[in-house]
Amino acid sequence: LPFMVYSIGQALVPERDVRFFDIKNIKGIKYTGRDYYSAQLMKRLMDKEAIFFAGCDEQLLCGLALGNVFSGGIGTTYNIIPATFAKICALAERGLFAEAAALQDEANRVVALMIESENWSYRKAFMKFIGLDCGPYRYPYAPLSEAEYEAFAKRIAAQGIVKAGAAAR
């Protein structure tokens with residue numbers, strides 16, 4: 001089966017990491033890091049086609065600006081405002097980076113709200129807000145009380161970016 005390497009929180013070492021692609025079924029990598037220079041170098045060192053996805057939601061446009069390195073992105077926030085990220089990709093593909101930057105800035109305001117707490121249950125709260133209640137986050141993250149969720153939902157709504165129940169539409 002095709003397989004994708006998931007690199008999160010580790011430095012890319014292009015001369016080392018390119019060897020993952022010697023494994024026949026490795027077809028790509030999701031790189032959740034900010035060293036796009038190393039990602040670009042790694043792709044240049046490869047002798048076969050591979051799919052690279054950027055994993056830092058707040059920097060998707062930066063990765064896409066490299067042109068031939070990242071095919072797109074995979075990230076938590078894409079579940080919450082998928083149309084915004086689809087537009088960023090479409091605009092970047094057409095070279096409309098100023099327009100894409102405005103959308104990236106909007107997406108980053110959602111990212112900032114999502115990550116301001118170290119309790120990852122707030123990510124699940126976003127899903128509940130859009131109408132996809134996925135239940136509480138796994139241990140060790142404490143579930144939000146109803147009061148905490150309601151307070152957070154008000155903050156999400158106040159931003160005016162994420163639409164309540166959007167997933168149900």
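Contact here means heavy atoms within 4.5 Å. The legends below describe a predicted model.

Figure 1. Thr77 sits in the loop that runs between strand 4 (72-73) and helix 4 (82-93). Its relative accessibility is 2%, and Thr77 therefore counts as buried, since the cut-off for buried is under 20% relative accessible area. With neighbours within four places in sequence left aside, Thr77 is in contact with Asp57, Phe85, Val110, Val111 and Met114.

**Figure 2. The whole protein, for orientation.** The protein has 7 helices and 4 strands. Along the sequence these elements follow the pattern β-α-β-α-β-α-β-α-α-α-α. Taken along the principal axes, the C-alpha atoms fill a box of roughly 55 × 40 × 25 Å. The protein has 169 residues, and 40% of them count as buried. Among contacts with a separation of 6 or more, 53% join residues 24 or more positions apart.

**Figure 3. The largest pocket.** This pocket has a volume of about 390 Å³. Strand 1 (3-8), strand 2 (26-32) and helix 5 (97-115) are the elements that give two or more residues to the lining. Helix 5 gives the most, with 3 residues. Sorted by class, the lining holds 7 nonpolar, 6 polar and 5 charged residues.

**Figure 4. The second largest pocket.** About 180 Å³ of space lies in this pocket. It is lined by 13 residues; Lys128, Gly135, Pro136, Leu144 and Tyr149 lie nearest its centre. Helix 6 (121-129) and helix 7 (146-159) are the elements that give two or more residues to this lining. The largest share, 4 residues, comes from helix 6. By class, the lining residues are 6 nonpolar, 3 polar and 4 charged.

**Figure 5. Packing of helix 5 with helix 6.** Two packed helices are described by the angle between their axes and the distance between the axes. For helix 5 and helix 6 the angle is about 125°, and the axes are 8 Å apart. The two helices are therefore oblique to each other.

**Figure 6. Packing of helix 5 with helix 7.** The axes of helix 5 and helix 7 cross at roughly 170° and come within 11 Å. This makes helix 5 roughly antiparallel to helix 7. Arg109, Val110 and Leu113 of helix 5 meet Phe152, Arg155, Ile156 and Gln159 of helix 7. By class, the residues of this contact are 4 nonpolar, 1 polar and 2 charged.

Technical notes: Residues numbered from 1 in each chain as written. Predicted model: local features only at pLDDT ≥ 70, side-chain atom pairs only at ≥ 80, totals over all residues. Heavy atoms only, no water. 1 Å grid on protein atoms, 1.4 Å probe; cavity = no way out; pocket = protein on both sides within 12 Å on 5 of 7 lines; lining within 4 Å. Points joined across faces, edges and corners; volume = space filled by probe spheres on them. Nonpolar A, V, L, I, M, F, W, Y, C, P; charged D, E, K, R; others polar. Axes fitted to C-alpha atoms, helices over the stretch in contact; angles between N-to-C directions. Parallel < 35°, antiparallel > 145°, perpendicular 65-115°, else oblique. Buried < 20%, exposed > 50% of the residue type's maximum accessible area, 1.4 Å probe, protein only.
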